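Open the structure in your viewer and keep the selection panel at hand. The tour goes from stop to stop, and each stop says what to select.

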Number of protein chains: 2
Amino acid sequence: MIRLSKKVEYSIIALKYFAISKETYLTAKEISNKYKIPHELLAKILQRLSKEKILTSNQGINGGYKLNKQPSDISLEYIIKLFDGEKGIVECINGKSAGECCIFDECTIKDPIIKLQKELEIYFSSKKISDFV
Amino acid sequence: MIRLSKKVEYSIIALKYFAISKETYLTAKEISNKYKIPHELLAKILQRLSKEKILTSNQGINGGYKLNKQPSDISLEYIIKLFDGEKGIVECINGKSAGECCIFDECTIKDPIIKLQKELEIYFSSKKISDFV
DNA sequence: TTAAAATACGACTATATTAGTCCGATTTAG
DNA sequence: CTAAATCGGACTAATATAGTCGTATTTTAA
Ligand code: FES
Ligand code: FES
């Protein structure tokens with residue numbers, strides 16, 4: 001089938017943990033220990049989520065991250081696009097210029113492929129972190 | 001987003017071409033020329049489809065392939081599993097032993113992830129080659 | 001004021017997956 | 001017999017993903 005990247009998987013795990021945790025601030029180390037996720041990797045993921053204002057961060061010795069959005073407002077679609085980029089379901093569809101492609105002079109599957117992609121986007125948009133809690 | 005492999009993409013293009021073509025037998029060379037697909041690669045794809053009885057083949061100098069199934073009976077799900085394997089949406093779900101995983105001692109997202117995978121499988125099962133014609 | 005522990009950022013390396021090639025064998029019509 | 005096709009597997013190349021490293025900055029508390 002089709003596979004989620006580790007970054008997306010780790011994001012879901014971490015965000016769910018934020019969602020169910022009572023603590024205000026959690027550190028990357030705490031989460032990476034709990035789930036055996038490589039610390040440096042998770043740290044960068046949380047930094048990215050922080051940059052996107054999905055988390056807020058505190059620096060310094062008692063720092064950490066906490067959720068800045070409702071779990072029901074964070075979609076899988078958003079996370080996937082954030083970490084895996086906007087690349088389309090086939091090479092020539094970059095999400096942006098869906099009409100203008102590209103690779104094969106005579107591509108006969110362009111329209112149905114674009115439809116497929118749109119449907120998948122709608123599906124992943126409908127999946128929220130709250131669905132994993 | 002999520003990307004189809006070239007093998008799957010080429011399969012769709014080729015199968016659609018078989019579906020709309022009047023000719024009885026088409027060769028790998030003919031299709032690879034028409035769509036600028038690497039010949040050797042397409043040949044192997046058609047061989048595989050042939051092995052799966054989706055196509056039937058004739059060897060020899062006037063040989064080639066033709067459809068052996070209705071386009072409405074060939075699902076995207078089947079093609080994806082055929083060429084990309086049965087790997088699940090995350091590493092530890094191998095499609096088979098969906099219940100028994102695995103990587104994280106305390107994986108908290110297993111159940112919703114399995115649900116996600118099942119829904120995607122249903123979706124891709126519902127997409128047929130005839131939807132691309 | 002210094003040390004420790006955290007985030008922040010970017011470059012780098014390693015690994016895995018995918019894409020594509022090559023070689024030789026077999027088949028079959030002409 | 002030969003040309004042109006399928007068959008099959010091993011091999012290489014290219015790309016994408018996963019993970020590491022080094023260094024800077026921030027903050028708290030001893
Ligand atoms: S070549 Fe662009 S969709 Fe097929
Ligand atoms: S570790 Fe198996 S589903 Fe999460």
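Begin with the second largest pocket, which is lined by 14 residues; select I2(A), R3(A), M1(B), I2(B) and R3(B), the ones nearest its centre. Keep in mind that this is a predicted model. The space in this pocket comes to about 180 Å³. Its lining is made up of six nonpolar, two polar and six charged residues.

Next, go to the largest pocket, with a volume of about 220 Å³. Select N58(A), Q59(A), G63(A), G64(A) and Y65(A), which are the closest to its centre among the 14 residues of the lining. Now colour chain A by secondary structure. In that chain, α2 (28-35), α3, β1 (55-58) and β2 (64-67) each give at least two residues to the lining of the largest pocket. Which element gives the largest share of this lining? It is α3(A), with four residues. By class, the lining of the largest pocket has three nonpolar residues, 10 polar ones and one charged one.

Now select DNA strand D and the residues around it. There are 25 of these residues, and K6(A), Q59(A), K87(A), S57(B) and Q59(B) come nearest. Both chains take part: α1 (6-20) and α3 (39-51) of chain A, and α3 (39-51), β1 (55-58) and β2 of chain B, each supply at least two residues of the surface near the strand. That surface consists of seven nonpolar, 12 polar and six charged residues.

- Select N62(A): a polar atom of its side chain is 3.4 Å from a sugar or linking oxygen of DNA strand D.
- Select A28(B): a polar backbone atom here lies 2.9 Å from a phosphate oxygen of DNA strand D.
- Select Q47(B): an N or O atom of its side chain lies 3.5 Å from a base nitrogen of DNA strand D.

The last stop is S75(B), in the loop between β2 (64-67) and α4 (76-84) of chain B. Is S75(B) buried or exposed? S75(B) counts as buried because its relative accessibility is 10%, and the limit for buried is under 20%. Show its side chain, which reaches the backbone nitrogen of Y78(B) at 3.1 Å.

Technical notes
Residues are numbered from 1 along each chain as its sequence is written. Chains are lettered from A and ligands numbered from 1 in the order in which they are written. This is a predicted model: local features need pLDDT of at least 70, side-chain atom pairs count only at pLDDT 80 or more; totals for chains, interfaces and linings use all residues. Side-chain values use heavy atoms; hydrogens and water are left out. Buried means under 20% relative accessible area, exposed over 50%, partly exposed in between (1.4 Å probe, protein chains only). A polar contact is a pair of N or O atoms within 3.5 Å; within protein, one must be able to donate a hydrogen and the other to accept it, and residues adjacent in sequence count only if both atoms are side-chain atoms. A residue is near a molecule or strand if one of its heavy atoms lies within 4 Å of it. Ala, Val, Leu, Ile, Met, Phe, Trp, Tyr, Cys and Pro count as nonpolar, Asp, Glu, Lys and Arg as charged, and the others, Gly among them, as polar. On a 1 Å grid over the protein atoms alone, a cavity is a set of points where a 1.4 Å probe fits but cannot get out, and a pocket is an open set with protein on both sides within 12 Å along at least five of seven lines; lining residues have an atom within 4 Å of a point. Grid points are joined across faces, edges and corners, and a volume is the space filled by probe spheres set on the points.
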